[in-house]
Structures are given as C-alpha cells and as structure tokens.
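Please keep the sequence and the structure in view while reading.

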Amino acid sequence: MSRITSTDPEERGVDSPSVLPLSASMPGMPPPPPASLDPFLDATSRCFARYGVRRTSVQDVATELGVNRTTVYRQVGNIEQQAMLLAARDSHRLLSTLPGRIEFPIGPRSVVDLIATLVREARAHPVLAKMLADERDLIGSFVARDVPNLLERTTAAFVPLVSLAIGTGNLARRDPVMLAQWLVRITASLILIEPPGELEDFLGELLIPALTPPEQPPTARRRRPR
C-alpha cells in the first residue's frame with residue numbers, strides 16, 4: 001500500500017484507496033510477525049478466546065497446537081509476548097482490509113462508515129470480546145500502559161488522509177491534527193463501550209454536520225441493512 005508523500009490538495013488521485021495510510025506507514029507501529037508464526041498465534045488466539053488471557057498458559061498453547069512447550073517459547077515467547085505479537089498481526093490485518101470497504105472520495109459519510117467498520121471489527125475479535133466480557137481489568141491496564149502511544153501512532157497515520165480530504169473540499173475545513181485526534185479517540189471509546197442504538201446513527205448525528213463543508217448539505221442518515 002502506497003504511503004502519502006504529498007499534501008498538495010490539487011494533486012490528482014490523492015483521495016483514493018491507493019493512498020490510504022495504513023499500518024505500513026504508521027510511525028513506531030510494530031511490524032507484522034512473519035507468516036511462519038501464524039499457526040502459533042492462531043493457537044494463542046483460540047486459547048485466549050476460550051480461557052481468557054489471564055488463565056492461558058504456554059502449556060495451553062502448546063497443547064492446542066500439538067507441540068511441546070519449549071517449541072512455543074522458542075517461536076513466540078511467553079504469554080505477554082504472544083499477546084503483543086497477536087495484537088500486532090491482527091491490527092495489521094484489519095487495517096489492510098479497509099480500502100475495499102471505504103467509499104471514495106473520502107467525505108463525512110465515508111468517515112462515519114470507516115469508524116463503524118473499525119468498531120465492529122474490533123469488537124467482533126474473539127479475544128477482545130472475551131476480555132470485554134470477563135477481563136475488563138486487563139483492558140484497563142492495557143489502556144493505561146499502551147493505548148496513549150497507540151492512539152498517537154494511529155492519529156499520525158490518519159492526519160495525511162484527513163488533510164487531503166479537507167484540501168479537496170470533501171470535509172469541512174478544520175485543524176487536521178485535531179480532527180484526526182478526535183476521530184481516533186471516538187473510535188477507541190466506542191470499541192470499549194458499545195453505544196446505544198444503531199452505530200451509524202450514533203456517529204452520524206454529530207459527525208455528519210461537523211464534517212460537512214458549509215456549501216454542501218449534510219447527507220441523510222443511512223441505516224445498515226438488517
């Protein structure tokens with residue numbers, strides 16, 4: 001996936017899937033683990049979803065995979081290291097699928113749909129679903145320790161996209177860094193705490209008017225097919 005190297009709003013083709021800044025352009029984001037570790041991380045994911053992160057042992061992962069514990073340690077480390085590898089891999093996978101799900105050019109409705117997609121995909125992840133149900137205290141420690149840096153890296157990745165959408169007139173003129181900060185934090189909060197009612201309606205109620213350029217009428221709400 002190409003990185004954005006220009007912020008000139010007059011450049012043709014800037015607001016398209018080919019320039020969506022994904023995980024490869026996130027400064028400081030851990031790289032995805034090699035594919036050779038997928039069987040180990042798949043086993044880790046199944047164990048986390050079944051037992052919870054706190055109750056999973058390296059032996060559980062070894063048993064799930066049908067290998068000895070030493071092999072698991074050698075390939076993916078202890079449980080905390082496995083959790084970090086799994087988070088890096090699945091974050092990259094989620095981000096890499098987004099271009100095919102977003103309507104271009106980027107506008108207020110695309111932003112709402114993007115956030116809704118991220119929230120649903122994250123909440124549907126079996127490990128996070130287990131943590132949200134049974135291990136919220138672990139989420140709290142993760143939020144305190146790792147989320148601030150993750151939010152900053154994610155914001156840095158999306159500032160160019162927001163800047164270009166503003167520059168091409170598809171979004172209202174706002175400070176792109178501040179706007180990216182708001183959007184990333186809205187996404188994070190909705191992943192942790194599910195909103196009432198329909199997600200797109202909840203997001204669109206304020207975001208559509210706030211992001212629509214003054215010369216354009218806000219688009220009507222669009223409900224997801226049931």
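## Basis

This is a predicted model, in which local features need pLDDT of at least 70 and side-chain atom pairs count only at pLDDT 80 or more, while totals for chains, interfaces and linings use all residues. Residues are numbered from 1 along each chain as its sequence is written, and side-chain values use heavy atoms, with hydrogens and water left out.

## The whole chain

The protein chain has ten helices and zero strands. Helices here are DSSP runs of H or I with at least four residues, strands are runs of E with at least two, and both are numbered from the N terminus. In sequence order the pattern is α-α-α-α-α-α-α-α-α-α.

Of the 226 residues, 46% count as buried. Buried means under 20% relative accessible area, exposed means over 50%, and partly exposed lies in between, with a 1.4 Å probe and protein chains only.

Among contacts in the protein chain with a separation of 6 or more, 67% join residues 24 or more positions apart. A contact means heavy atoms within 4.5 Å.

Helix H3 spans residues 69-76, and its residues Thr71, Val72 and Val76 are buried. Viewed down the axis of H3, the buried residues fall within an arc of 100 degrees, so they line one face of the helix. The arc is taken from the directions that run from the helix axis to the C-beta atoms. An α-helix has 3.6 residues a turn, so residues three or four places apart point the same way.

What do the buried residues of H3 pack against? They pack against helix H1 (38-51), helix H2 (58-65) and helix H4 (79-96). On the face turned away from the buried side, H3 carries the exposed residues Thr70 and Arg74.

The N-terminal end of H3 is capped by Asn68, with a side-chain oxygen 3.2 Å from the backbone nitrogen of Thr70. A polar contact is a pair of N or O atoms within 3.5 Å; within protein, one must be able to donate a hydrogen and the other to accept it, and residues adjacent in sequence count only if both atoms are side-chain atoms. After H3 comes Gly77, which has a positive phi, near 80 degrees.

Gly77 also takes part in a polar contact: its backbone oxygen lies 3.0 Å from a polar atom of the side chain of Gln82. Gln82 is found in helix H4 and is buried, with a relative accessible area of 0%. Leaving aside neighbours within four places in sequence, Gln82 is in contact with Leu41, Thr44, Val58, Val61, Val72, Val76 and Gly77.

## Helix H5 and its partners

Helix H5 (residues 108-124) crosses helix H9 (residues 176-192) and helix H10 (residues 199-211). The axes are lines fitted to C-alpha atoms, for helices over the stretch in contact, and the angles run from 0 to 180 degrees between N-to-C directions.

| Helix pair | Axes come within | Crossing angle |
|---|---|---|
| H5 and H9 | 9 Å | roughly 35 degrees |
| H5 and H10 | 9 Å | roughly 145 degrees |

The crossing of H5 and H9 is right-handed. Residues of H5 that make this contact include Val111, Ile115, Leu118 and Val119, and those of H9 include Leu183, Thr187 and Leu190.

Thr187 of this group counts as buried, at 8% relative accessibility. A polar atom of the Thr187 side chain lies 2.8 Å from the backbone oxygen of Leu183. Beyond neighbours within four places in sequence, Thr187 is in contact with Ile115, Leu118 and Val119.

Ala172 lies in the loop between helix H8 (147-167) and H9, and counts as buried at 8% relative accessibility. Ala172 and Ala210 are 38 residues apart in sequence and 7.3 Å apart in space, C-alpha to C-alpha. Leaving aside neighbours within four places in sequence, the contacts of Ala172 are Ile166, Ala210, Leu211, Thr212 and Pro213.

Terms used. Left-handed = near helix turned anticlockwise from the far one by under 90°.
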